[in-house]
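I list below what I looked up, entry by entry.

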Amino acid sequence: MTNPSNGQTANKKEKSSWFDKHFHKYLFKKIDITDENGLVIDTIEKPIKWGWLWAVAIIVIFCLCLMIAPFKAVQWDQLGSIFSQLFVPSKWSLKDYDGWWNYLWTKACPAIWDTVEMVYIATFLGVLISIPVYILAARNIDRNPWIRNIVKVVLNIVRTIPTYVLAIIAAIFFGYNETAGVFAMILFTQGVMFKMMFEYVETCDMNPFELAISSGANRLQAYSIGMSPQVYPMLLSNTLYTFEINIRASVILGFVGAGGIGQMLSDAIESTSYDKVGAILVPLFTVVLVLQLVSSSLRRKIS
Amino acid sequence: MIVFDHVDKVYPNGVKGLTDINVTINDGEFVCIIGLSGAGKSTFLRTINKMIDIQHGTLTVNNTDVSKAKGKELRELRKHIGMIFQSFNLVKRSTVYQNVLSGRVGYHSSWESMFGLYSKEEKMLALRSLKKLNILDKAYVRADQLSGGQQQRVALARALTQEPSIILADEPVASLDPITTLEVMDDFKRINKEEKITIVANMHHVDLAKKYGTRIIGIRAGRVVFDGKPEQIDDTTLMGIYGRTLTRNEKLGELDNDKSK
Amino acid sequence: MEKDNTAMEEKPLTKREKLKVSLGKKIIDFSSLDQAYSLRPRKWIMNLVWLAVIAAVLLYFSLDINFFDHFRNPNWTKFNLMLTGFAHLDWSYFFGYGSFTFDTSVIYQVIETFAIAFIGTTVASILSIPFGFLASHRLVGGWAYISEVILICIRTFPEILFGFIMIKVVGFGAQAGVAVLSIHSVGMIAKMYSEQIDMIEEGPLEALDAVGASFMVKLKLGVVPQVKPNFLSVILYRFDLNIRTASVLGLVGAGGVGYPIDVYSTNEHWEQLGAVLLGILILVFAVDALSTFLRKKLIQGN
C-alpha cells in the first residue's frame, strides 16, 4: 500500500543513460599523468570534444537540404505591389477609406471577438479536463506505473498531432464551424497543459501529502489538501500561457475552416483583397499584443 | 494500545530494518525512542500506522491487526493516530486554521473535504486545539510566516483535532533551537497528561528523553536493546544502545542543571 | 503585523480591523473561541463568486458562437468514411510507387518539410545573433527597446499570412516556406538570445576585465561559453516548433506536407489523407525524440 518513505529511495535511478554506457569508450580518452621521471602516477578520463563533428554534420545536412529546396530569385516587384495595395485605395474592393473603416468595425472586430470567445471556452474546458489527467500521470501521486505510462503515451500522441489536423478531423465530424475549432483546441490544450503540469507536480513538496495520508485521508483528499495549494499558482500561470497559444492557433484553425478570424483572413487572401487583409490584421495584432502584455505581467505577479 | 509481537521488517534487498520486536505500549504512556541515526527508530514508528509494512509477526494497534488493514479499515485506523514530523509538513500557503482543520479529513468523504465542508463542531474543535497550544491568535495567518516552534505547535494542534488516541512523533524537535525544544516538549507532556493521549516519540537527545518520557526504548540495528524507565538509563545501558559514549550532539546540555549524572 | 495590546478588554473591533484579522494581516488575542470563530475568513464565498463569473461568461460565449447547435447533428457518415479510409492507407502514395512518383510521395514531402525547417532554423539562428545582441539591455542599454519592438512585430505576424506573401514573392513551393521560417523564427530566437545574454553572470566578465581583455575577447571567452548551451537548447526547441510551422505553411502551398492535407481533406480522399497524416506523425515524433535526446546530452555537457 502506501509506502511514501520507501518510495523515495526506490525511485533514485542511475544517472548514466543507455547511450553513455555503450558508447563510453568513444566519449572519453584516458590520459596518464606522469611525474618528472616518466612514471605514471595517475590516470584521468578526458571527455573527447565531439563538437567539431556536430558542426560538420550540420553543414552537410544543410547542403543536402539545399538540394531539396534550392534558392530562387526573389521577385521584389511583387512585394512592392502588395504593400502598395495595403495603402493605396485605387485597387481596393472596399472602395475608399470610409469603406475600409466600416469593414474594420463591422466585420473584422466582431470576428476577432468570436475568436476570443472560442479560445476562452476551449482554454477553460481544456484546462479543466487536463487536471485529472496530469494528476494521474505524476509519479508521486499515482503509484501504478501502467496507468501512468498509458496516460503519458496517449497524451504524447495527442500533443504530436498538429492542431490543424485535429481541426480538420473535428470539422469532418461537426462541420466547418466554430465548434470544430473549439474541439480541436480543447484537445490541443490537453497536450500543452499536460507536459507543463505533470513535470511540475512531480517536483512538488510531498510532505503535506504524506501528512494527510498518515491521518487517514485517501489519495484524492491528500492531493486536494496537500498539493493543490502548491500547484494552483502554476496552474493559473500555465492557463494564461495556454490562452495565448490558443489565440495564435485559432488563426491557423480559421484557415482550415474552423471559424474565427482565421477564416475571414483566408477568404480575404484568396480574393486578393489586401485592404481587407490589412483591416483584419489591425485588431488581430492588437489583441495578440495586449494579451501578451497582460499575460506576462499577470504571470510575473503569480510566481 | 500498541502490541508488537515478533515483528520483523525486511526490505526488498534483504536488509533487515527491524528484527524480532516485542513491545507493548499501553494507553497513556509517553514513550521516547532513542538510538543512533539509521538504527530503526523511524522504521519502528512508521510501522505503527502502516506507513511502512512489516514482513513477519503481528502488530496490533487499538485492536486492529495492522498488516491486514487496507482501504477503509486502514484509513479508519490512521484517523485515530496523529503524526508529527521533523519538517512540520504543513501546507505552507494555507492558513494555520486551514491546516489544523485539515486534520479532520479522515472523518469525511472525498467530496466533503475537497469543498471544505466541515461542521461547526469541527471548526470549534480546531480553534480549541489551537487555544490549548496557546497559538489561537495566529489562527488566520499563513503557515509559512510562523517560526519553527510555532509551526510545530500548529502541527500538534492539527494532530489534536483528529481526536487521536495515539500521537507518533518522528524527531519532532530536531529542527528547533534548544529553548523552543523545551517549550514544544512541554506541550507534548501536557497533551499526554491532560488529553490522555499515548505519545510515541523519536528523539536524538538522550537527556530530553529522560526528562519527558515515562518509558524509554533504545533501538540498535533494528533490535530493541533497552526497554524501561528513564531512571534505569546509565552509562552502561547507553553504551548498549549507542555502542559508544555519547557525543555532545546527543546531549541537549540545557538540562544539565537539574542534577543528572 | 501589529499586535493589539488592549485585546484583553472587550474593545469592539471596527469592520476594517475585522477584515484585517480574517486575512491574517492583524493579530489579536481572541477573547473567546466564539470570537475567533466569528472572524474566520469565509473563503468559499470568494471562490464561488469567481466560479460563477467564469461559468456565466463560458455560457454566454458558448451561446454566442452557437457552440451547442453543432452538437445536434454530427456528421457520422462522413466521419465513418474517414475512419475506414484511415484503415486502408494508400501505401503507394506513402512510399511513392504505382501511380505516384517518389517526388510526390509522402516520404519525399516529409523530407522536404524537414529540410524547410532545418534551413529556416539554421538561417534564423545565425540572423538572430546580431538582433539578439541588439535587443539585450545588458549590452546596449536603452536602445534595446527598438530591437524588442521590431522582434515583437515579427513574432506576432501570423505565419500563414507571411507564407502567402512569400509565395507571391518567391513563388510557389518550398522556398517560400524557408523564407518565412527564416524571418519569423528570428523573432523568437533573438528574444531568447537576449534573455540568455541578460542572464549571464558578471563574475567571469569582471575577471576578464581585470586582466585587460578587449571587448571582442570578453565576448568570446566570457559571454559565449556561458550562453552556448542555452542557445543550442533554444535552437533545438525552435526547430521542434518549426517542423510544425513548416507543415502549417504547406497548407497555403509553401511546400511540404501541409498542401496535400488541405487538398485531400477537401476532396475527401481519406486513404491519401491518412497516409499524409501518418507521415507527419512519424516526422514529429522522430524530431521530438531526437531533440529530447540531444537536449539531455546538452545538459550533461555534450
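This is a predicted model: local features need pLDDT of at least 70, side-chain atom pairs count only at pLDDT 80 or more; totals for chains, interfaces and linings use all residues.

Entry 1, chains C and B. I looked up the contact between the two chains and found 14 residues of chain C in contact with 15 residues of chain B (contact means that the C-beta atoms, placed from the backbone, lie within 7 Å). On the side of chain C that touches chain B, α1 (15-22) and α2 (33-38) of chain C each supply at least two residues. α2(C) gives the most to that side, with three residues. By class, the residues of this side of chain C are ten nonpolar, two polar and two charged. For the classes I used Ala, Val, Leu, Ile, Met, Phe, Trp, Tyr, Cys and Pro as nonpolar, Asp, Glu, Lys and Arg as charged, and the others, Gly among them, as polar.

Residues are numbered from 1 along each chain as its sequence is written, while chains are lettered from A and ligands numbered from 1 in the order in which they are written. Helices (H or I, at least four residues) and strands (E, at least two) are DSSP runs, numbered from the N terminus.

I looked up α11 (residues 202-210) and α12 (residues 215-251) of chain C, which pack at about 160 degrees with axes 10 Å apart. Axes are lines fitted to C-alpha atoms, for helices over the stretch in contact, and angles run from 0 to 180 degrees between N-to-C directions. α11(C) and α12(C) are therefore roughly antiparallel (over 145 degrees). The contact involves C:Pro204, C:Leu205 and C:Leu208 from α11(C), and C:Val217, C:Lys218, C:Leu221, C:Gly222 and C:Gln226 from α12(C). I count these by class as five nonpolar, two polar and one charged.

β3 (residues 30-34) and β8 (residues 198-202) of chain B pair in the parallel sense over four bridges. B:Val31 has B:Val200 in β8(B) as its bridge partner.

Definitions and conventions. Angles under 35 degrees count as roughly parallel, over 145 as roughly antiparallel, 65 to 115 as roughly perpendicular and the rest as oblique. Two strands pair if DSSP finds at least two bridges between them.
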